[in-house]
Amino acid sequence: MILTFFLLSLLVLFLDQWTGGWTTMHLFCVYRSSLKDPLFYIRLFGHVLGHAGWEHFLNNMLLLLVVGPPMEEKYGSIPLLKGIVLTALVTGVLQCVLFPRTGLLGASGIVFMLIMLSSLAGFSGGIPVTMLLVAALYFGQQVYDIILVHDNVANFMHIVGGLCGLVFGFTIRRGRRSEERRVGKEC
């Protein structure tokens, strides 16, 4: 699944170059537009596959390829796909509602969802110290950048992606514990 995401993002980047940016602007960058526009719904989910150029693509994909495969192995392809789709939807909708004059593209929200999800991996109870440290450092850096660094980076959507990863991780963990209790009672 992670490899497929990488290859689709690479294809989208090539399409961007071949079409002079048309595909990215019309299919892989979410921005507020009419709900009657069928392409809006493609952009709402597809924006995570679009990138502004090779540097943007490489920055996201290097992290995705490091963090993603262990998470896919731990949680499975379908649950991870659900997490990616949900994160894309949440970041897309929030972008349109909160930042109507700007567009959003890139896999950063997905990458930060995976980073926070990975900080929850491997623990069986309570809240792991590693997750608290990652959250403090990660969210602190994003807030710092929002306040003091003025660039074209969607730091708020990074935070949203990270929060999606935490919610996803705790939800899966709770579901697995319920399943283990159910199976334990049957035995």
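User: What does contact mean here, and which residues does Thr87 touch beyond its neighbours within four places in sequence?
Analyst: Contact means heavy atoms within 4.5 Å. This is a predicted model, where local features need pLDDT of at least 70, side-chain atom pairs count only at pLDDT 80 or more, and totals for chains, interfaces and linings use all residues. Residues are numbered from 1 along each chain as its sequence is written, and side-chain values use heavy atoms, with hydrogens and water left out. Setting aside neighbours within four places in sequence, the contacts of Thr87 are Gly109, Ile110, Met113, Gly161 and Cys164.

User: How many helices and strands does the chain have?
Analyst: Helices (H or I, at least four residues) and strands (E, at least two) are DSSP runs, numbered from the N terminus. Along the sequence the pattern reads α-α-α-α-α-α-α-α. The count is eight helices and zero strands.

User: Is Thr87 buried or exposed?
Analyst: Buried means under 20% relative accessible area, exposed over 50%, partly exposed in between (1.4 Å probe, protein chains only). Thr87 lies in helix α5. Its relative accessibility is 2%, so Thr87 counts as buried.

User: Which residues of α5 are buried?
Analyst: An α-helix has 3.6 residues a turn, so residues three or four places apart point the same way. In α5 the buried set is Leu80, Gly83, Ile84, Thr87, Ala88, Thr91, Gly92, Gln95 and Cys96.

User: What is the distance between the end C-alpha atoms of helix α5?
Analyst: The expected span is 1.5 Å times one less than the number of residues. Helix α5 covers residues 77–98, 22 residues, so it should span 32 Å. The model agrees, with its end C-alpha atoms apart by 31 Å.

User: How far apart in space are Leu98 and Arg32, C-alpha to C-alpha?
Analyst: Leu98 is found in helix α5. At 43% relative accessibility, Leu98 counts as partly exposed. In sequence, Leu98 and Arg32 are 66 residues apart. In space, C-alpha to C-alpha, their separation is 9.7 Å.

User: What is the radius of gyration of the chain?
Analyst: It is taken over C-alpha atoms, and the globule rule is 2.2 Å times the number of residues to the power 0.38. The C-alpha trace spans about 60 × 35 × 30 Å along its principal axes. With 187 residues, a compact globule would come near 16 Å, which agrees with the chain's 17 Å.

User: What share of contacts with a separation of 6 or more comes from residues 24 or more positions apart?
Analyst: Buried residues make up 43% of the 187 residues in the chain. Among contacts with a separation of 6 or more, residues 24 or more positions apart account for 71%.
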